[in-house]
Amino acid sequence: MENINPEQRKAITHGDGPMLVLAGPGSGKTFVITRRIRNLIEEKKVSPDKILVITFTKNSAEEMKARFDSLMGASMPVSFGTFHAIFFYMLRSCYGYDAGNIVREKEKKQYLKRIIDGLGIDEEIYTYESQILSDISRIKNFGSNPYEAGVKYVSDEIFGRIYEEYASALKENHKLDFDDMVLECRNMLLNNHAELVRWRENYKYILIDEFQDINPMQYEVVRLLARPSNNLFIVGDDDQSIYGFRGSKPEIML
């Protein structure tokens, strides 16, 4: 094995079960993850198609895959992707969704305008259009009560009604936003035992980069997938969280 320090060696060669690697900027997170995958395949004899690697951006997933393929000298059937890409793949496989089911930003605003008009709310609320959509996303990611949102531009009662009407509009039009990909995947795994068994079998080893940016609903899906073997390998730095506005919760690392 390359000349690496003892902590990196431990992270790479650790056997089954959960493991957390706390790693600051420039400490070799990608190095550890790619060598960990190689160790699983070459030393632990894990089939590459049973390994799932999750990152937070498409570019990171592509870079991770490129570095791993370079390390191995060939492309291997390890799954690399963002939370949303992986979860949408699972939903598409189960329910037949396609790109046309993903709601566009323009459509979100059209739904929101119709909802606000229908509820007879003061038109001044339109100035908070982006904030409303952001708060809806936050509520979904935390799995919290929309009637206890605590927003400043409208009462909790009105916001809760907007939230429910928005969710209904998406459902009626067979649309998903990115947050729904997580929620629907969670519901699928909770309510469909055959799919739960299927995806646990597909992804027996899960590795997650930048784990400090995970939100509660993403974490719940990961926990469902990882059980009962809990072959979960997570890398992150709780001082580097950047997605708080989307509902990330670095405390989950603890």
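Modeller: A word on terms first: helices (H or I, at least four residues) and strands (E, at least two) are DSSP runs, numbered from the N terminus. This is a predicted model, in which local features need pLDDT of at least 70 and side-chain atom pairs count only at pLDDT 80 or more, while totals for chains, interfaces and linings use all residues. Residues are numbered from 1 along each chain as its sequence is written, and side-chain values use heavy atoms, with hydrogens and water left out.

Biologist: Fine. How many helices and strands are there in the chain?

Modeller: The chain has 10 helices and 5 strands, and its C-alpha trace spans about 65 × 40 × 30 Å along the principal axes. Of the 254 residues, 47% count as buried, where buried means under 20% relative accessible area, exposed over 50%, and partly exposed in between (1.4 Å probe, protein chains only).

Biologist: And how many salt bridges does the count come to?

Modeller: The count comes to 14 salt bridges, taking a salt bridge as a side-chain nitrogen of Lys or Arg within 4 Å of a carboxyl oxygen of Asp or Glu. One of them joins Lys50 to Glu201, with the closest N and O atoms 3.5 Å apart. Lys50 sits in the loop between α2 (29-42) and β2 (51-55) and Glu201 in helix α9 (residues 193-202), so this pair ties together parts that are 151 residues apart in sequence.

Biologist: Is Lys50 buried or exposed, or something in between?

Modeller: Lys50 is partly exposed, at 21% relative accessible area, and Glu201 is partly exposed as well, at 38%.

Biologist: How far apart are the closest N and O atoms of Arg138 and Asp135?

Modeller: They are 3.3 Å apart, and the two residues form a salt bridge. Arg138 and Asp135 are about one helical turn from each other because they are 3 residues apart in helix α6 (residues 129-142). Arg138 is partly exposed at 24% relative accessibility, while Asp135 counts as buried at 7%. Elsewhere, salt bridges that share partners join Lys50, Glu201 and Lys204 into one network.

Biologist: Changing topic: where does Glu105 lie, and which residues does its helix cover?

Modeller: Glu105 is in helix α5 (residues 105-119) and is partly exposed at 44% relative accessibility. From Glu105 to Leu133 there are 28 residues in sequence, and the C-alpha to C-alpha distance is 9.9 Å.

Biologist: Now strand β1: which residues make up its covered face?

Modeller: In β1 (residues 19-22) the covered face holds Met19 and Val21, and the uncovered one holds Leu20 and Leu22. In a regular strand the side chains alternate between the two faces of the sheet.

Biologist: And how many bridges join β1 to β5?

Modeller: There are 4 bridges between β1 and β5 (residues 232-236), and the two strands run parallel; strands are taken as paired if DSSP finds at least two bridges between them. Met19 has Phe233 as its bridge partner in β5.

Biologist: Where does Lys45 lie, and is it buried or exposed?

Modeller: Lys45 is in the loop between α2 and β2 and is exposed, with a relative accessible area of 66%. Glu210, again a residue other than glycine, has a positive phi near 50°; it lies in the loop between β4 (205-208) and α10 and is partly exposed at 26% relative accessible area.
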